[in-house]
Amino acid sequence: MVAPDAREHRAPPEARGERLDQVLARLFPELTRSRIQGLIEAGHAQVDGKPAKASLRLKGGEQLSLVVPAPVPAVPVAEELPLAVLHEDRDLVVVDKAAGMVVHPGAGHASGTLVNALLHRVKDLAGVGGELRPGIVHRLDKDTTGCLVVAKHENALVALQKAFKTRAVEKTYLALVHGVPKAAEARIETLYGRHPVHRQRFTGKVKEGKPAITVYRVREAFEGAACVEVDLLTGRTHQIRVHLAEAGHPLLCDSVYGAGRKAKGRAEEAQEVLGRQALHAWKLAFPHPRTGKVLHVEAPLPPDFTAALKVLRGR
């Protein structure tokens with residue numbers, strides 16, 4: 001069981017006159033202000049050893065304590081949700097994940113996830129880990145669309161995880177990015193890890209970390225934007241978003257890694273059409289866990305991505 005996370009901090013002098021929830025939100029940026037307010041209301045925040053309200057005005061210099069309780073395990077339930085299946089057999093299922101769908105239940109997403117949908121859609125689950133649930137082999141960000149493979153039983157899960165770990169899987173994405181890369185094709189190879197300041201982010205600018213390799217090719221160039229095809233040779237969290245952003249070409253609508261990049265003209269219009277990060281897991285190829293034969297799957301471009309391309313093309 002994960003232990004509660006106890007945090008302490010001395011209120012800085014400049015916090016004088018500010019609300020407790022405002023100060024805590026600034027001291028602990030990895031937590032949203034609404035999350036902090038909820039923790040305060042539940043009695044998990046103290047000022048100089050005493051419970052306090054979110055509206056308390058600080059004087060500066062107080063000892064602030066905040067306890068983040070251990071997460072409550074999610075209990076997935078079957079839900080009838082829209083789910084596009086690209087391939088299914090007795091060992092696995094490959095779905096075309098929709099934008100806005102979280103893969104697995106967790107904090108803030110107890111329902112409406114891909115796992116909830118699979119529990120309803122897939123009738124022959126044998127289970128993994130002693131539980132009747134699908135085996136999530138890899139993940140896609142909430143707003144990323146496209147191919148995602150799921151194991152139906154323990155043996156398939158182990159085989160698929162090994163294939164991903166040994167890079168026996170080919171993963172090809174399509175992305176819309178700010179600006180047009182100077183090189184028509186490039187390989188980005190860095191060490192990779194958490195950002196030293198913004199702990200919810202990742203970066204390829206670290207001295208120590210895991211290797212990360214991304215290869216991209218420019219498919220179409222537009223005014224102020226480009227469509228690039230990306231081969232993901234390793235599977236680090238946010239890897240494509242980070243590597244392209246740090247190469248000077250963040251994804252359109254990426255509010256985390258491209259927040260400081262302003263689009264103009266058709267690129268701005270394309271962002272309005274999209275409303276979410278422009279990344280699509282287009283193709284997936286991997287050895288089948290039972291036969292060893294390579295299975296090729298392709299997810300069609302979603303309507304919002306297609307509409308954004310039309311805008312960029314001037315149609």
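## Two helices side by side: H6 and H7

In which hand does H6 pass H7, right-handed or left-handed? The crossing of H6 past H7 is right-handed. Before going further, please keep in mind that this is a predicted model.

The axes of H6 and H7 come within 8 Å and cross at roughly 165 degrees. Angles over 145 degrees count as roughly antiparallel, and that makes H6 roughly antiparallel to H7. On the H6 side, the contact is made by Arg266, Ala267, Glu269, Ala270, Val273 and Leu274. Facing them from H7 are Asp304, Phe305, Ala307, Ala308, Val311, Leu312 and Arg313. Sorted by class, the contact of H6 with H7 has 9 nonpolar and 4 charged residues, with no polar ones.

## A closer look at alanine 267

One residue of that contact is worth a visit of its own. Alanine 267 lies in helix H6, which covers residues 265-274. Is alanine 267 buried or exposed? With a relative accessibility of 1%, alanine 267 counts as buried, because the cut-off for buried is under 20% relative accessible area.

Leaving aside residues up to four places away in sequence, alanine 267 touches Glu223, Gly224, Ala225, Leu252 and Leu312.

Now turn to helix H1 (residues 20-27) and helix H2 (residues 33-41), whose axes come within 9 Å and cross at roughly 125 degrees. That makes H1 oblique to H2. H1 passes H2 in a right-handed crossing.

Which residues meet in this pair? From H1 there are Leu20, Asp21, Gln22, Leu24 and Ala25, and from H2 there are Arg33, Ile36, Gln37 and Ile40. By class, this contact of H1 with H2 has 5 nonpolar, 2 polar and 2 charged residues.

The buried residues of H1 are Leu20, Asp21, Val23, Leu24 and Ala25. Their cover includes H2, strand E2 (45-47) and E4.

## Alanine 54, in a loop

Alanine 54 is found in the loop between strand E3 (50-51) and strand E4 (63-68). Its relative accessible area is 16%, so alanine 54 is buried. Not counting residues up to four places away in sequence, alanine 54 touches Arg19, Leu20, Asp21 and Ile40. Leu20 and Asp21 belong to the H1 side of the contact with H2, and Ile40 to the H2 side.

For a sense of distance, compare alanine 54 with lysine 97. These two residues are 43 residues apart along the chain, and their C-alpha atoms are separated by 39 Å.

## Salt bridges across the chain

How many salt bridges are there? The count comes to 14 salt bridges. One of them joins aspartate 91 to arginine 290, with the closest N and O atoms 2.6 Å apart. Aspartate 91 lies in the loop between strand E5 (84-88) and strand E6 (92-97), while arginine 290 lies in the loop between strand E14 (279-287) and strand E15 (294-298), so the pair ties together parts that are 199 residues apart in sequence. Aspartate 91 counts as buried, at 3% relative accessibility, whereas arginine 290 is partly exposed, with a relative accessible area of 45%.

A second example is the salt bridge between the side chains of arginine 217 and glutamate 229, at 2.8 Å from N to O. Arginine 217 is in strand E12 (residues 210-222) and glutamate 229 in strand E13 (residues 225-232), and this pair links distant parts of the chain, 12 residues apart. Both arginine 217 and glutamate 229 are buried.

Arginine 313 pairs with glutamate 220, the closest N and O atoms being 2.4 Å apart. Arginine 313 lies in helix H7 (residues 303-313) and glutamate 220 in strand E12, so the pair ties together parts that are 93 residues apart in sequence. Arginine 313 is partly exposed, with a relative accessible area of 33%, and glutamate 220 is partly exposed too, with a relative accessible area of 26%.

Elsewhere, salt bridges with shared partners join Glu88, Arg121, Asp124 and Lys152 into one network.

Methods: Residues numbered from 1 in each chain as written. Predicted model: local features only at pLDDT ≥ 70, side-chain atom pairs only at ≥ 80, totals over all residues. Heavy atoms only, no water. Salt bridge = Lys/Arg side-chain N within 4 Å of Asp/Glu carboxyl O. Helix = DSSP H or I, 4+ residues; strand = E, 2+ residues; numbered from the N terminus. Buried < 20%, exposed > 50% of the residue type's maximum accessible area, 1.4 Å probe, protein only. Axes fitted to C-alpha atoms, helices over the stretch in contact; angles between N-to-C directions. Parallel < 35°, antiparallel > 145°, perpendicular 65-115°, else oblique. Left-handed = near helix turned anticlockwise from the far one by under 90°. Contact = heavy atoms within 4.5 Å. Nonpolar A, V, L, I, M, F, W, Y, C, P; charged D, E, K, R; others polar.
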